[in-house]
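Please open the model in your viewer and keep the selection panel at hand.

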Amino acid sequence: MHDDRTLVEARLRRVLEERIRPAVYPESVPLRVGMWMAPDEPVPVAEGLAAARRPIAVGDAWGPPWTTCWFTVRGRVPEEWAGRTVEALLDLGFDAGMPGFQCEGLVYRPDGTPVKGLHPDNQWVRIAGPAAGGEEVLLHVEAAANPVVMGHHPFAPTPLGAKETAGTGPLYRLNRMDLAVLDTTVWELVRDLEVLGELMAELPADGARRWDVLRAVERALDAVDLQDVNGSAAAARAELAGVLAAPAAPSAHRISAVGHAHIDSAWLWPLRETVRKVARTAANMTALLAEEPDFVYAMSQAQQYAWLKEHRPEVFAKVREAVAAGRFVPAGGMWVESDTNMPGSEAMARQFVYGKRFFLEEFGLESREVWLPDTFGFAAGLPQIVRAAGARWLLTQKISWSQVNTFPHHTFWWEGIDGTRIFTHFPPVDTYNCAIRGRELAHAARTFREKGAARHSLAPSGWGDGGGGTTREMVARAARVRDLEGSPVVRWEKPEEFFARAEAEYPQAPVWVGELYLELHRGTLTSQARTKQGNRRCENLLREAELWSATAAVRAGLPYPYEELDRIWKTVLLHQFHDILPGSSIAWVHREAERTYAALTEELAGLIGRALRALAGDASAATEVVFNAAPHERAGVPAGGGAPAPAAGPGGCRAAAREGGGYVLDNGLLAVAVDGRGLVVSVRAAADGREAVAPGAAANLLQLHPDFPNMWDAWDVDRFYRSTATDLTAVDELAVAEESAQAVSVRVARSFGASSVVQTLTLTAGSPRLDIATEVDWHETEKFLKLAFPLDVHAERYASETQFGHLHRPTHTNTSWEAAKFEACNHRFVRLSEPGWGVALVTASTYGHDVTRDVRPADRGTTTTLRASLLRAPRFPDPETDQGVHTFRHALVPAADIGDAVREGYRINLPERRVPGDAVVAPLVAVDAPAVVVSAVKLADDGSGDVVVRLYESLGGRAEGRLSASFAFGEALVCDLLERPVAEEPSPARAGDGVVHLRLRPFQLVTLRLVRAGAAA
Ligand SMILES: [Zn+2]
C-alpha cells in the first residue's frame, strides 16, 4: 500500500479545526448585555446583582486592571429550538492563554445562587437540554478583570501587579455573548477524533494499531459531509466505534486521574482574588460532578474551604454534599500548600494540625496523603512531621523541574533526618495541569521509572495555578481511555485509592534519604526579605505567646487566648503558601503581607505583655523580671521561666585600637579584631585560642553579585551569578559605637551603588558570640548581596538546621547533584566543623546561604567559606522587590559544638524580655537532658486545660532524661500533632514518680499531653 499517513493526519487536523469544531454550536442568537463596574474592590453579591446596568455591546472594552464588572445577559430561547440542547456562550474577551491567568467570571442566577465559573476553556452555561422553546434567560456574571501579569514576554517587569501602578485603561473586549444550540453528536465526534488523533501520534509508526486507527479516522472523515457536518456526524462516529472499543493491553500503564485545580492561594493575584477563584472553580467542579458519575475531584488547602464557607456559603454547601458523597475529596490535610524549606518546626507541624482539624471538623475526614504538587523542594525534617500528623503518603510533581539532575524514581520511600519513611509519588505525567491529552498519557507511561516493578501512577487533571479545574472535555477524553488499545488505562480515583494500591503493589520501592532538593527556584530563599522576616518574627512571637499564656493560665488563672492564637496561627500559615513566603508573588501580595505581619506582631506583643504582667508580680517594684522563652537556661534564668534581673556582673568588655587601624573587641570569652576596612580579620575564643578566620582572609565581608537569571526572576538565581563579585570594602565610617563593661561594639558604614549599609559588631558580657546587625538601605536592581565568612575549617560537610533537627550537606561539588545545591536553606544555624572544633553562624533573619571550599597554596589548609544571602532585587513579578531599608541579625559563634549552635540559634531568635516586677517564675516544664529541646508549650487545643509539650532530640543522637512539671498532672500521654493519644512502642515517654522519663531516638519528635484533672479553662 502507498504510505499516505501524513496526508491523512494533515486532513484530520484541518477538517477537525475548520469544519467539525465550528459545527458544535450550529445556531445562535445574541443575548442583550448590561454592565456595572464596581467602583473599587469586589462588592457583596447582593450589591453586585442590584446595581443598575448600562448597555454594553460585543466588541466594547471593559475592565480596568483588578476591577470587577457585573454583567447581566438576557434573552429568549427561540421557539424553533424546542427539543434541542441550548447553552449560553459567554466569552468575556478571553485570549487563548491559560485559564486562571486572565479575566474570569462567576455566573449567578437572578436569586444570587452561583451556577458555574467562566474561563477560556469553559465559556458555556447550560440553559436547557432539551429546551421547551421560549424560555426566558436571565443570568448575571461577576467578572474579574485580572490582568495578564505573566504575558507574552513572561518575565518582563510590569506595573500590573499592584492596583496603584496598574493603570486605569480597560483590558478586555467583550466577545461572543450568545444563546446557542449545542449539537451533542458533533461534540462527541470532536472528542473521538481528539483522542484517536492524539493516540495515533504517540503510537509507533511501524505498529499495526497506529494504522488501524489511521484507517478508521480516514473512513470517518470520508463520512463527514463538509456541507452538513451536523447531519453526518453520527455516521462518522460509527466509523470510529470499532477502534474505540479495542481494549487496552494487560500490561498497559494504569493512571489514576484525580480531578484537580492547583489554585495558588496568592501569586499573580492577591489573596482576595483567590477567594473568588476558589468559588468559581468549586462551583464548576460541583456542577461537573453532578453531570459525570465517574468523575472524582480533589481540592487541597483547608484555607480555601474556609474561604468558601465564609464568603460563598452556597458553593460550600454543594461542596459539602459532594464531599459526603465521596466525590469531592479534601486532599492533603494542610492549611495551605506551603513552602516546606522555610517554615519553622512548629509552623510546619501546625500546617497539618490546622488543615487536618478543619477537614475533621467540617467533613469528618482525615487525609492520609500530603498533597504538595508545586512546592519548591522538601525539607529533610518533613517525613517525621507527616507521620506525626497521622499521614503516610506524599505527592509532588515539582522535582521534575530540576535543572540538572533527573530524579531516579517516580515512586519511592522518602526517609527524613530521624529515619521516618513516607511513601512518595512523583507523577510521571510531569504536570499538575493534566488535560487528559494523548501526549501527556503516553509521556507518563513512557517515562515511568518503576516499570517492571510497578504499574500505577497518578495524574492531577484540570486547569491549575490560577484555578479553573477539570473540564467536561477532559472527562469525555478520560472516558475514551478507560480501556483503549495503545493507551494507558485511565480511571478517575481519589488520591488515597491510588496510594493504597501503589503502596501495596510496591512495598520494596527504592529509598531516597534526605532533602528533596529542587534544582531551581533557589532565589526563593532570599527574595522579599520583609515577608520572610515577618514570618520568622511571627513564628517566634507565637512560641512566646503560647508559652507565656499557658504559664499565666496555669499559674495565675489568666484566660488562655484560644481564639486569638487560632486566628493568628492560621494567618501565619496562610502566608507560608508556596508563592508568598518564597517571595514569588506580585507587589500587592507582598505589601499586604508586610502590613499583615505588622498587625500580627502588635497583637502577639499584646498577648505576650498581658501574660508577662500577670506573671511578673508587683509591677510597682523597682526591680525587673527577666523572662527567657528560649529552651536553654540563660544567665541564671531557666528555660521557659522568669527570674529577677541579677545585678550587673563585672562585665569585662573592652575595645582597644588595633595596630594598623581598626579595633580589637574583647569580652573575656572572645577576642575579635576589626581592621581599618571594618572587616573581621580575627576571631578567637579565649577557651582554646584557636583562630576562626582563615589566614589572609576577612570575615563579615559583604559581596555584591549581578543577578539576572535566564527565567523566573524572583524565583531563580543561576549558577553564573558567582562569576562576578564586588567585595564591599570601602568604608565611610568606622567607630566604636558602645563601650561599657557590659557590651562593646563598633559601627561600620559603607555606601555602594545607590545603596548604603551600616553594620554594628557587638560583644556582650558573658556571651560567646559576635553579634552582627546589618542595616541596608537597598536601591539596587538585579543584584545579590551576600555576607561572607571565610573560616579556617576543614569540613567535608556542614550542618544546617531544618525542622526538628539538622541535616548535613557536602561542601564539595564532586557530582552534578552536589554542584546543583549551590544555594540552600537553613533555619537558625549553619555549622562548619572538623573533629573537635567548629564554627556556627546563627541568624534571626535569613534562610539562604552557600558554602564553598578552597585549599590555600601557602599552608595547604582549607578555607571553608560560609555566606549568608541577604538581599536580591529581581524585577519580576514585583518590579520593586526589596527596595528600601532592611535589618538583619547574625552572630558568629566560634568553638561551637552542635549543641552550642542549637542553643545560640534559639537565643538570637528569642531575646530575653524584661518586665517590671519581683516574681520568680518557675517554668511549667523542665527537661534535664541537654539534647532534648522543648519546641512548644501550650494549652491543649480542645480547651481541657491540659498542657501540651512538644520536644525533640536536637543533636542527632540518642537522649535520655526526665521532664518535670511545676504543676500537678496525672497522665503524660504521648500524642500525635493533633494532640490525640497514640500508642508508640517503645514509648518515648513514661510517667512515674511525678516526672516523665524520656528516651528519644536521634531527632525524634514527641508531643506530650500532661493531663490536669479538672483544669478546663
Ligand atoms: Zn503553585
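How many disulfides does the structure hold? In this predicted model, the number of disulfides is 0.

Select Cys 825 first. This residue takes part in no disulfide, and the nearest cysteine sulfur, belonging to Cys 538, lies 18 Å away. A disulfide requires the two sulfur atoms to be within 2.5 Å, so a separation of 18 Å excludes that pair. Cys 825 is buried, its relative accessible area being 7%.

Next, select Cys 653. Cys 653 counts as buried because its relative accessible area of 8% falls under the 20% limit.

The largest cavity has a volume of about 220 Å³. To centre the view on the largest cavity, select Gly 344, Ser 345, Glu 539, Asn 540 and Arg 828, which are the closest to its centre among the 16 residues of its lining.

Colour helix H9 (345–363) and helix H14 (529–556) next; these are the elements that contribute two or more residues to the lining of the largest cavity. H14 supplies the largest share, 4 residues. By class, the lining of the largest cavity comprises 5 nonpolar, 5 polar and 6 charged residues.

Which classes of residue form the lining of the second largest cavity? There are 9 nonpolar, 4 polar and 4 charged residues.

Methods
Residues are numbered from 1 along each chain as its sequence is written. This is a predicted model: local features need pLDDT of at least 70, side-chain atom pairs count only at pLDDT 80 or more; totals for chains, interfaces and linings use all residues. Side-chain values use heavy atoms; hydrogens and water are left out. Buried means under 20% relative accessible area, exposed over 50%, partly exposed in between (1.4 Å probe, protein chains only). On a 1 Å grid over the protein atoms alone, a cavity is a set of points where a 1.4 Å probe fits but cannot get out, and a pocket is an open set with protein on both sides within 12 Å along at least five of seven lines; lining residues have an atom within 4 Å of a point. Grid points are joined across faces, edges and corners, and a volume is the space filled by probe spheres set on the points. Ala, Val, Leu, Ile, Met, Phe, Trp, Tyr, Cys and Pro count as nonpolar, Asp, Glu, Lys and Arg as charged, and the others, Gly among them, as polar.
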